[in-house]
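Dear colleague,

I am handing over the structure below, together with some notes on what was found in it. Please read them with the coordinates open beside you.

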Amino acid sequence: MKAVTLLRPLSIPSFPSRPPYDCLPRRTNLPVSCSSHWTESPIKAEDSTGPRSEEYRYQFYDDWFLALFRDKMVKEVGWDSERAGYDGLIEVANRLMLRRTPSESTDAAVRILRSLFPPFLLHLYKLLVSPIGGGKLAAMMVARVTVITCQWLMGVCKVNSVDLPNGSSWESGVFVERCKYLEESKCVGICVNTCKLPTQTFFKDYMGIPLLMEPNFNDYSCQFKFGVLPPLPEDDSALKEPCLEVCPIASKGRGAASNMTIKPCPKA
């Protein structure tokens with residue numbers, strides 16, 4: 001579930017590491033799902049214990065953002081984890097994918113994002129702010145708010161410049177150095193179906209701001225490009241990625257590739 005984004009609350013850096021979660025998506029042109037049967041080579045993720053350029057500094061409002069976001073997610077899922085903090089949030093995100101198709105998971109995540117804001121606020125922003133300057137002001141504003149409010153969820157990030165299709169550049173990008181949400185979930189399916197796709201949809205449909213998110217599944221970085229339309233699903237490389245090598249179910253599937261009867265991943 002990034003992004004997120006502005007509505008996703010900033011990072012509590014000292015949560016203990018958790019065991020890997022159990023799913024990753026097939027290589028497909030459709031919204032990413034999960035499977036334990038692999039014919040493609042998996043992505044070999046970099047060691048999560050490797051050096052980081054910078055550590056996020058805890059802010060006093062991080063706990064409030066985490067609690068708010070988790071509460072909205074729990075209401076959508078109808079279940080909560082017994083684990084506290086970020087670990088519990090990741091377990092709820094996993095449950096969000098269970099017994100849902102990829103598109104259903106994406107729709108549920110969009111509802112969660114919408115629930116974080118008063119409806120009139122989203123409507124007024126789309127109506128009054130988004131049209132100013134051809135969308136430049138709105139895109140630059142949300143990029144800065146994302147950095148302020150979402151590092152608790154994604155980790156260290158900064159505003160940067162992005163190139164638009166018309167050849168101009170706006171300071172409306174957000175570069176996430178190493179996404180905590182992806183790193184902790186260890187799941188391409190969770191990244192794509194509960195973060196990338198719903199966040200792009202939310203900003204475009206409910207705030208009037210095009211957004212392209214480009215996660216890098218090798219180093220866990222992610223580039224937000226506010227003001228840039230995402231490609232069609234069949235042209236989006238993120239939706240064609242194989243699983244991460246750290247995925248335990250995908251590993252089992254690779255080891256049993258010769259078996260004609262492969263039990264599908266529970267997140268499929």
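A residue is called exposed here when its relative accessible area is over 50% and buried when that area is under 20%, with partly exposed in between. By that cut-off lysine 75, at 60% relative accessibility, counts as exposed. Please keep in mind throughout that this is a predicted model.

I begin with the salt bridges, of which the structure holds 8. In one of them the side chain of lysine 75 meets that of aspartate 71, at 3.4 Å from N to O, and aspartate 71 is partly exposed, with a relative accessible area of 35%. Both residues belong to helix H1, where they are 4 residues apart, about one turn of the helix.

Another salt bridge joins the side chains of arginine 70 and aspartate 80, at 2.9 Å from N to O. Arginine 70 lies in helix H1 (residues 62-77), whereas aspartate 80 lies in the loop between H1 and helix H2 (85-97), so this pair ties together parts that are 10 residues apart in sequence. Arginine 70 is buried, with a relative accessible area of 11%, while aspartate 80, at 37%, counts as partly exposed.

A further salt bridge links aspartate 236 with lysine 196, whose closest N and O atoms are 3.0 Å apart. Since aspartate 236 sits in the loop between E4 and helix H9 (248-255) and lysine 196 in helix H8, the pair ties together parts that are 40 residues apart in sequence. Both aspartate 236 and lysine 196 are buried.

Turning to the sheet, there is an open sheet of 4 strands in the order E1-E2-E4-E3, with antiparallel pairing. Strand E1 (157-163) and strand E3 (211-215) stand at the edges with a single partner strand each, so one side of each is left without a neighbour in the sheet. Neighbouring strands of this sheet are turned against each other by 25° on average, direction ignored. Strand E2 (residues 169-176) is joined to strand E4 (residues 222-226) by 4 bridges, and phenylalanine 175 has glutamine 223 in E4 as its bridge partner.

How values were computed:
Residues are numbered from 1 along each chain as its sequence is written. This is a predicted model: local features need pLDDT of at least 70, side-chain atom pairs count only at pLDDT 80 or more; totals for chains, interfaces and linings use all residues. Side-chain values use heavy atoms; hydrogens and water are left out. Two strands pair if DSSP finds at least two bridges between them. Helices (H or I, at least four residues) and strands (E, at least two) are DSSP runs, numbered from the N terminus. Axes are lines fitted to C-alpha atoms, for helices over the stretch in contact, and angles run from 0 to 180 degrees between N-to-C directions. A salt bridge is a side-chain nitrogen of Lys or Arg within 4 Å of a carboxyl oxygen of Asp or Glu. Buried means under 20% relative accessible area, exposed over 50%, partly exposed in between (1.4 Å probe, protein chains only).
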